[in-house]
Amino acid sequence: MVNTGVLAPLVPLLPLLGAVVIGALRRRMGAVQAGALATAMIGAGFAISLVLFAGFDTAAGGTTVRLLDWMAVTGMDIPLALRVDALSLTMMLIVTGVGTLIHLYSIGYMHDDPRAATFFSNLNLFTFCMLVLVMGSNFLVTFVGWEGVGLCSYLLIGFWYTRPDYNYAARKAFVMNRIGDVGMVLAMVLLFHLFGTLEYAAIMDKAAGMRWNDPLLVTATLLLVLGATGKSAQVPLFTWLPDAMAGPTPVSALIHAATMVTAGIFLVVRGSVLFELAPFTQEVIVWVGTATALLAASIGLLQNDIKKVLAYSTVSQLGYMFVALGTGAYGAAMFHVTTHAFFKALLFLGAGSVIHALGGEQDIRKMGGLKGKVRTTYLTFLAGTAAISGLPLLSGFFSKDLIMAHAFQHGPEVFVLLLIGALFTAFYMFRLLFLVFFGTYRGEAEPHESPITMTLPLVVLAVLSVVGGVLNLPHLFGGNEALKHYLGTAAAGIANEELVLSAATEIALMAVTLVLVALTIVLAHARFVKRTTLEGDPAAMPPLKRLVAERWRIDELYARLFERPYAWLSRTLHRIGEERVVVPLMNGVGTVAIRTGQALRKLQTGNASFHLLAMAAGIIIFLLITLLTDPR
Amino acid sequence: MTALLLLLIPFVTATLLMVLRPTERARGIALGSTLASLAVALVLWAGFPGGTVTDLHTAWLPSIALDFSLGHDGIGLLMLLLTSVAFPFIIGAGYGERLRHPSLVNALLLYTQCFLYGVFLAQNVVLFYIFYELSLIPVFFLLLYWGGEHRRSITVRFFIYTLLGGMALLFGIVYCLVQPGMDGSMDALGRLQLPVGTQTWLFWALFLAFAIKLPIFPFHGWQPDTYTVAPMQGVMVLAAVMLKMGLYGVVKVVLPAVPDGALYWQRTVIVLSLVGAVYAAIIALRQHDLRRLIAYSSMSHVGVMCAGLFAWNHFGLTGALFQALAHAVLVLAMLYITGALKERTGTSGMGAMGGLKLRMPRLAVLFMLVVMNGISLPLFQSFVGEWLVFNGLWEVDRWLTFMAVTTIVLGAIYMLYAYQRVMLGPDKWQLEVHDAGLRDHLVLVPLIAITLVLGAYPGPILELVDGPALTLLSLFP
C-alpha cells in the first residue's frame, strides 16, 4: 500500500526545498555541489513518482490530496490540493525523468559559469512549478504552476542579464504568456460561476449534464485555448519561443521543448470533457494547430542558428499536438508530448553539446564535419533527427502517424497540410544534421567531445527516442495503445477517440508519408552533403524565400501593430490625460479656493464702520427673511 | 479597553518626543512604540470573538451627537492590524533616510498613527470625521518641511484637494446627523433609509473625499507629484495606510448610509475605477522616476480594489479588503527599495540606474520577489485579493472582469520593464554601491514573508472579513 497523501506532496516539495537551499547558499556552492543537490532532488522526485506509479490503482481513477485551505470565503472553497491520477502521473514521470537527465547534463554544461548555483536554484524552482501545474487538483492550483513556470522561464531566458536583448526576450516571453493568461483567468472565473467549483473531478462530473455546444462552454473553452496558445507557443502567440533561446541550452531543452510548452496541451487534456462538448472550439484548435505546424516548419527551413531551427521545430511539433487535441485524440496528443519530450530534449542537449564543443558557436554555417570529432553527440543527434522525422519504428514515427491518421479522419485537407509540414520537418532536420556533422569543418574553434555527465543523458534520451513508441503501440503493429487506455482512467473523454480507418487506409497513408519523407531526405542529402549549400543574406534572396527567411516578418508586424502603438499610447495618455485633464481639474479646485479667498479677503478691510454696516445689513436681511417666510 | 492603548501609546510617545527631543534615540523610541502597538493589535486579534466589539463608550458632546465611542469588527481589526504592521517598517525606513530633526519627524509619524487608529476604531460618525481630518495634519507638516523640490506648491495643492473632499464629507455627515432617529453611531448610518432621490446626490458628497484620498480616476492629480517630493516615510504613510481610509470610509460610511445612491452610481464608479486602473497601468510604463511609477502602480491596484468594493457582493468585498492589506505590504516594500536605491545612487530616477544587479545581487533578488507580488503571481498575497475581486466583478458584468484582468498584462509590462531598467543590463554607471545589508533584510524579508504566507494561506485574514462582509450585505437586499 502506497501512502499517496505523504508521497505525492514530496514530489514537488523536494525541488522547492532544493531551490530554496541552493538559492540561499548560492555564493558558497560550486557548480558541481549545487548541480548534484539539484539533480538529487529531482531524481528523488522521479523515484517517488515511480513508486506512486507502481502503486497506483487505475480502477480507483485518482486520489486527491488536500494540503491547505486557500480561496476560502463563504461561497467559495478552492483548496491547495494535488491530484494523483493517470494523467498527472504520466506528466510527473516525464517532468522528473527528463528533468533529472537535463539537470545532470547541466552540471557539465554550466560547469564554468560563475552563477551556476543560481542556475540550478532556478531550474529546481521551475521543476517545482511544473509539478504543481500537472499535479493540481483544480484549475487554480494548475494556474499556480502555470504562472510559476512562466516566471522561471522569464528568469532563465534572462539568465545572462547583462545582455539587454536577452532581457527583452525574457520580458517578451512573460508578457505574451500573460496575454494568454487573461484568457485563462477569465475561463476560470466563468467555470467557477458555471459549476461552483474548479476541481477537475467535480467539473467533469457536472459537465456531463451540460448541453452540447452550450455558448458558455464554448466561451470557456475558447478562453482556455487562448491560455494554451500563449504557453504552448501557438499562432498567434508563438513569437516568444524562438527568442527564448537566449537562455542556456539545458533550459531550452527542459522548459522550451520538453515540459513547459506542453502545458497548454496538458490543460486541454485535463479539460477534455469540456472540449468534447464544444465542437466549435475543437475546430478552432485544429486550425490553430495546423497553421502553427506549417508556419513554424516553413520558417525552420531557412534558419542558420542551430537552436532557432530547433525552436521553430518545437513550435511546429506543438502544432501537431494541437491538431490531435482538436480531433479529440487526446491519447495521441499525450503520446506525442511524451515522445517529443524524449527526442526534442535529446536534440537540444545534442545542440548544447555541439555549442559546448565549439566554445559557444551557434551558427551552423560555421560548423560541419563534426561527425568524427564528437562521436557520441553525433550518433545520438542522428537518433533524435530520425525520430522527429518519423523514420519507421522510431518513437516519432508512431506518435506522429497516429496524429496524421486522426487528422485524415477529421478531414483530408488537414492531413495534406500536416504532411507538407512533416516533409518540411524532415528537410530542416536533415539539413541541420548534414550541415553540422557532415562535410568539412568551417569554423575556427577546436572541437572536443563533452564530458560524461553530458553524454550520458544523451545516450539515455537516444534510447528512449528510439524505443519510446512501445508506450502506445497501435493495433496495426500488434500493440494495444497502452498509454491511451492508461490515460483513459483519469477522465472518460480521453480514451473516447477511435480510429475508424481501415487497416488498408492506415497503411496507405503511412506508405505515402514514408516515401515522401525518404525523398525529402535524399533531396537534403543532395543539397547539403554532395554540395554544401549555405544560406546567405536574406536581402539577396527572391522575395518569397526572403519573407520566409525573415520569419514571415511577424515580429516586425507585432512591433508595428502592438509594441510601438502601446508606447505611443502611454506617452499620449500621459500628455493629454494627465497634463490637460487631471492636473487642470485639481488646479481648478485650487484656483477657485484661492480666488474665493482673495475675494472674501477684500471684505476684511479692518474698517470698523464698514463692519458695523455689514453687521446691521445682515441682521436686517435675516429679520426680513424670517418675517416674510414665517407662515404665522 | 485594550484598544484604548492603541491611541495612547503613539500619542504619549509622540508628545514625549516633541517635548524631550531625544535626537539620537528618537528613531529607536518610535520603533519601540510602534512595536508595542503591534503587540497590542496582535493581542486584540488573538482575543477577537467575532462580531462587533465595543471597546469604550463615553458621552462627550451630546449636542452634536459626538460620543467618544471606540470599537471594532473584523474589518476594523483588519485595518488596525494593517496600520500596526505598517508603522514599524515606516519608522524603520527612517534609519536610511536620515531626515533633519528626527524627534519631530517621528513624533509627527506617531501622531499620524494615533489618528489613523482613531479612524479605524471610531464608532461615532463625528469622531470618525475628526480623526479622519486630524490624520492629515501631521502628514501636511511632514510634507511641507521635509519634502523635496517644489514641496510648498505641491503640498498645498495636495492639502487643498484633500480638504475639498473633506468639506464635502463634512456636509454629507452633517446631513446624515440631522436626520430623525440618528444617534451619531456608525451603526445608525445603516438604518437611515433616506429617499432614493436624496441618496443619489448625497452619495457624491460622502464619496468625493474617499475618491480623492484613494485616489480613483480622475481625482488622482495630487498623487504623482506628492509621491515624488514627499519624504519617503510620508509617502509610505500615505500609500500604505492613509489610502486605506478611503476604502474603509466607503465600506463603513458610504455604502451603509446611501446604499441606493451607491447602487445608482455603481456602474459609474466601477467603470471610473477600472478605467483608472488601466489608464494608470499604461501611463506607468513611461515613467522615469521610480516613485512616480509607484504612484501610478498604486493607483492601478487601488482601481481594482475600489471596483471590487462597488461590486457590492461577497467576493468583491472580501477581495477588496484582503487586497487592502496586500497592497499595504506591497507598496511598503516597493517604496523601501526605492529608498534603498536612492540611498546608494542618490536618485530615484531609473535613467541613472541599470545593471545594479551586478553590484547588488541580494537587493536584486529581494526586489524580484517584491515585483512578483506586484504582478500578482499566485501564491503571493496580491493574487488572492485580485482573484476574489475578479469573481465579484463577474457577477456585476463580465466585461468589467475583462477590464480588470487586462491589468495583469499591463502590470507585467511596466513592472518588468522597470525592474530591467534598474537592475539588469550592463553596469553602465560603475557606481560604487554596497549590497543590501542587515537593515534592508530586516525590513524586506518580513514583508516578503507576509506576502508569501498570506498568499498560500490567506485563511486568517479572509476569516476576519468574511463575517462582517456578510453582515454588511445582509443589510441591503
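**Loop residues, chain A**

I began with Asn213(A), which sits in the loop between helix H7 (200–207) and helix H8 (215–231) of chain A. The model is a predicted one. I looked up the backbone of Asn213(A): phi is near 60 degrees, a positive value in a residue other than glycine. Buried or exposed, I asked of Asn213(A)? Asn213(A) has 12 other C-beta atoms within 10 Å, so I logged it as exposed.

I then went to Arg553(A), in the loop between helix H22 (543–549) and H23 of chain A. Phi of Arg553(A) is also positive, near 50 degrees, and this residue too is not glycine. I found 13 C-beta neighbours inside 10 Å, so Arg553(A) counts as partly exposed.

**Contact between the chains**

I checked how chain A touches chain B. I noted 45 residues of chain A in contact with 48 residues of chain B. On the chain A side, strand S1 (62–73), strand S2 (76–85), helix H5 (139–157), helix H6 (164–195) and helix H23 (554–603) each supply at least two residues. Which element gives the most? H23(A) does, with 15 residues. By type, I recorded 28 nonpolar, 10 polar and seven charged residues on this side of chain A.

**Helices of chain A**

I looked at helix H15 (residues 330–357) and helix H16 (residues 375–389) of chain A. Their axes come within 9 Å and cross at roughly 145 degrees. The crossing of H15(A) and H16(A) is left-handed. H15(A) contributes Phe343(A), Leu346(A), Leu347(A), Gly350(A), Ser353(A) and Val354(A) to the contact. H16(A) contributes Thr377(A), Thr380(A), Phe381(A), Gly384(A), Ala387(A) and Ile388(A). I sorted the residues of this contact into seven nonpolar, five polar and no charged. I kept one point of helix geometry beside this list: an α-helix has 3.6 residues a turn, so residues three or four places apart point the same way.

I moved on to helix H17 (residues 395–410) of chain A. H17(A) has 16 residues and reaches 23 Å from its first C-alpha to its last, close to the 22 Å expected. I counted 14 of the 16 residues of H17(A) as buried, and it is mostly covered.

**Chain B overall**

I listed 20 helices and two strands in chain B. The radius of gyration of chain B is 21 Å, close to the 23 Å that the globule rule gives for 477 residues, so chain B is as compact as a globular protein of that length. The C-alpha trace of chain B spans about 70 × 55 × 45 Å along its principal axes. I found that 63% of the 477 residues count as buried.

**Details in chain B**

I looked up helix H18 (residues 398–423) of chain B. Its 26 residues reach 38 Å from first C-alpha to last, close to the 38 Å expected. I saw that 21 of the 26 residues of H18(B) are buried, so the helix is largely enclosed by the rest of the structure. Gly425(B) follows H18(B), and its phi is positive, near 85 degrees.

Next I took Gly94(B), in helix H3 (residues 74–97) of chain B. I found 22 C-beta neighbours inside 10 Å, so Gly94(B) counts as buried.

Last, I checked two cis peptide bonds. Leu214(B) and Pro215(B) are joined by one, with omega about -15 degrees. The bond from Phe217(B) to Pro218(B) is cis as well, with omega near -5 degrees. Pro215(B) lies in the loop between helix H9 (196–213) and helix H10 (223–229) of chain B. Pro218(B) is likewise in the loop between H9 and H10 of chain B.

Notes:
Residues numbered from 1 in each chain as written. Chains lettered and ligands numbered in written order. Predicted model: local features only at pLDDT ≥ 70, side-chain atom pairs only at ≥ 80, totals over all residues. Helix = DSSP H or I, 4+ residues; strand = E, 2+ residues; numbered from the N terminus. Expected span 1.5 Å × (residues − 1). Buried ≥ 20, exposed ≤ 12 C-beta atoms within 10 Å, placed from the backbone. Rg over C-alpha atoms; globule rule 2.2 N^0.38 Å. Contact = placed C-beta atoms within 7 Å. Nonpolar A, V, L, I, M, F, W, Y, C, P; charged D, E, K, R; others polar. Axes fitted to C-alpha atoms, helices over the stretch in contact; angles between N-to-C directions. Left-handed = near helix turned anticlockwise from the far one by under 90°.
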